[in-house]
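Subject: Structure handover

Hello,

Here is the structure I said I would pass on. My notes on it follow below.

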Amino acid sequence: MNTFARIGRGSSSSAAPVIRHHCYSQFVSSLSPYIRLSPRVKEALDNGEPVVALESTIISHGMPYPQNVETARLVEGIIAKHGSTPATIALIDGKINVGLGEEELERLGKSGKLAIKTSRRDMAAVLSQRRLGATTVSGTMIAAHMAGIPIFATGGIGGVHRGAELTMDISADLTELGRTPVAVVCAGAKSILDLPKTLEYLETQGVPVVAYGDAAEFPAFFSPRSGLSAPWNLQTPEEVASLIRVNMDIGLQTGQVIGVPIPSEYAGASSEIESAIETALCEAEKQGIKGKESTPFLLKRVVELTGGASLTANIGLVKNNARVASQIAKSLAGMKSSGLHHSRLYTTAACRNASPSLQTQGSNKQDRVKVVHSERPLLVVGGAAIDVTSQVDSNIESPACQATSYPGAVVTSIGGVGQNIARAAHFMGADTVLISAIGHDIYGDTIKAALEEIGMDTAFLQYPGESARTAVYNALHAQNGDLIMAVADMDINGMVSAQQIQEAFVKLSPGVVGLDGNISALAISTAVTMAAHMDCCVVFEPTSVPKCTSMLSALSFVKRSETFADVGRLVHIITPNRLELERMAEVALDLALVESAPLTDTVEEIAEQHYALDIGLIRDALTLFPLFQIQIIKLGEKGAAVISPSPKFPGRPIIRYIRPLKPSLVINSNGAGDSLVGALLAALHGKRVTAGADGYLELDPQDIDCIVNRAQKAAILSLESLLAVSDKLDPELIRSD
């Protein structure tokens, strides 16, 4: 999946949206129908309390029934005893279950190897086929990160298998540690592996490896020491918690390996176990057992060869790891509540004094967003809305089939394209002001409070009248996420006052202006006219196919008023997708804003130079070029096309193709496009880009392409976030390549 393929809208989407909330459990519920929190995990996350994730492969494949279930209960009890909430993770009936009940533990334990070992590779298939999946270290890390759980306890991690130089058999656990920020508390890597190569691979992945306790040696699962030095040695839960916190605060997307030596009372049989391991390895090689089947075979065979001594040691080290993980999680949560570090992940506790039912995106950023106030701020004029999404539990085709109520989930979020764009630009350090219309109601109050919580100026929010309602998009989805029906109450977006826009321009004298297609043509024409008088750089986000023509209607009005001889240099940048571009070109011709489509020979000549771009796109882009000098066109899986004037010949367009960046994990596509536009605006504002006397922006193609590539990074972070606009957006994204 790539950036442009998953760019969505801030509201009014027909796809099942991801909903962002004050409480982290409600963030997670937005991933429905794919994730389910147990009641006790939900409560702990909502209260900002420590939670420790647990894998389930150790239950299904690591031990026989009933010992596996008994051990699972025992481990959960140890975590609870030391102050944290346990969250065993498994894939059951099409859902990622975070926290298992008694029946689910029994089912998993009895299923044994019939459960599918589920890592990153297998998650989508297991969910779509509604199979029973036991999560590996890799799979558990992904699910824990989605749920906002930064600590995970297990027995040992996978690693580089012996003979990997011939077989390339390297566990997915290692690559996951390199891209998913979850700390794994373990007894090191299993000693059936090539430990030196495993540590080398972790170093290549940029993963901090910590030896926990008095010794600086990396533990070797059944043995407290491997003879290999760990890069770091930390001795207390507080030290490890500080490492995890700082890793999150500086935005590193790597996990950490916390190697806890096996307790001495279980380490006595290590020589016998190591001998059994060597025997089991030889047997596995002779029988041709490899891949994901090798570890379960080896562990089972070692149990048999040691008369159960290895199983006893295995259970002992797992219990010890659970204890340590719980202590670290408790210290980490304590750091958050005491203010020793500022949390990116534990956002829930800070939201408890706000509305209990509505989310404030990134509310913990106010004291770390470094906005440089400028004489000419960034002004965004667009829609702000509340999204309400209902999802029924039962499988119905239409709510009209029966006049009754249905059990399900109802979640809400703050959205709206303009609001999302302004939020993203603010997070990236731009001095941003939002003009939007809201009502004198609870939803309007919530939007205003949410913006104030992150330090944004709300002085220019408009209240059209006592009867005006804050925009609400209310959608009903089936159990599988398909849209059944929706009601969009968006009338207020058309009430944004042109007079108040004019007054805002006079008071603010903005340098860069962003507009979205939700507002009326009159409001847009006012903003465009005022911007032209002040030499502002103007960017238009079309929003949707029906709304993308509002800008063309506005320009048509300005043209008829004869305020400007040429309306072709009033709007400098547009950011349509392929369908919006096509519709805008069609309407521009109908309104006679452009004289004619380009010659076929010209289009075909350019198409030959850009194999990734189709002739229709090139024709539409060239058609609109006299109106919009820079077009950033989102192309789904193909990336993006950029059209801009030649530096030497401004009337001549240059077309380039921008390759997409790819997220490591797509959690939420709702708002990625808005994040991209917000980053684009922030970059333009940071460069103090204004229109010259001839109406053209002083940007050469290299500058434009560089800004687009940096803006993609903002979209990537939002795709990988539970929030529509990721709270990891940072000014540095647009200041460096």
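S509 is partly exposed, because its relative accessible area is 30%, which falls between the limits of under 20% for buried and over 50% for exposed. It sits in the loop between α18 (498-508) and β18. Its phi is positive, about 50°, although S509 is not a glycine. Please keep in mind throughout that this is a predicted model.

A second residue of this kind is R130, which is not a glycine and has a positive phi near 55°. R130 is in the loop between α6 (123-128) and β6 (133-135). With a relative accessibility of 53%, R130 counts as exposed.

The backbone also has a cis peptide bond, which joins Y65 and P66, with omega at about 5°. P66 belongs to the loop between α3 (57-60) and α4.

**The chain as a whole**

The chain has 737 residues, and 60% of them are buried. Its secondary structure amounts to 25 helices and 23 strands. Among contacts with a separation of 6 or more, 76% are between residues 24 or more positions apart.

Nonpolar side chains in soluble globular proteins tend to be buried together. In this model, the largest nonpolar core has 104 residues, and the members that touch the most others are I96, V98, I149, I157, L202, V257 and I328. Helix α15 (residues 309-338) is the element that gives the most to this core, contributing 12 residues. Another core lies apart from it and has 62 residues, including A471, L515, L555 and I643.

Once neighbours within four places in sequence are set aside, L202 has contacts with I157, L174, L177, V207, V209 and V257.

Helix α4 covers residues 67-81, which makes 15 residues. From its first C-alpha to its last it reaches 21 Å, close to the 21 Å expected at 1.5 Å a residue. Its buried residues are N68, V69, T71, A72, V75, E76, I78 and I79. An α-helix has 3.6 residues a turn, so residues three or four places apart point the same way. After α4 comes G83, with a positive phi near 100°.

What describes a pair of packed helices? The angle between their axes and the distance between the axes do. For α4 and helix α5 (residues 102-111), the axes come within 9 Å and cross at roughly 140°. Angles over 145 degrees would count as roughly antiparallel, so α4 and α5 are oblique to each other. Their crossing is right-handed. On the α4 side the residues that meet α5 are N68, V69, A72, R73 and E76, and on the α5 side they are E102, L105, E106 and G109.

Helix α20 (residues 550-561) has 12 residues, which should span 16 Å at 1.5 Å a residue. The end C-alpha atoms of α20 are 17 Å apart, so the two values agree. Which residues of α20 are buried? They are S550, M551, L552, A554, L555, S556 and V558. These buried residues pack against β18 (512-516), α19 (521-533), β19 (537-541), β20 (571-574), α21 (578-590) and β21 (628-634).

The axes of α19 and α20 come within 8 Å and cross at roughly 60°, and the crossing is right-handed. A521, I524, S525, V528 and T529 of α19 make the contact with S550, M551, S553, A554, L555, F557 and V558 of α20.

**One buried glutamate**

The last item is E580, in helix α21. Is E580 buried or exposed? At 1% relative accessibility, E580 counts as buried. E580 lies 38 residues from P542 in sequence, while their C-alpha atoms are 7.0 Å apart in space.

Regards

Conventions. Residues numbered from 1 in each chain as written. Predicted model: local features only at pLDDT ≥ 70, side-chain atom pairs only at ≥ 80, totals over all residues. Heavy atoms only, no water. Core = buried A, V, L, I, M, F, W, Y, C linked by side-chain atoms within 4.5 Å. Buried < 20%, exposed > 50% of the residue type's maximum accessible area, 1.4 Å probe, protein only. Helix = DSSP H or I, 4+ residues; strand = E, 2+ residues; numbered from the N terminus. Contact = heavy atoms within 4.5 Å. Expected span 1.5 Å × (residues − 1). Axes fitted to C-alpha atoms, helices over the stretch in contact; angles between N-to-C directions. Parallel < 35°, antiparallel > 145°, perpendicular 65-115°, else oblique. Left-handed = near helix turned anticlockwise from the far one by under 90°.
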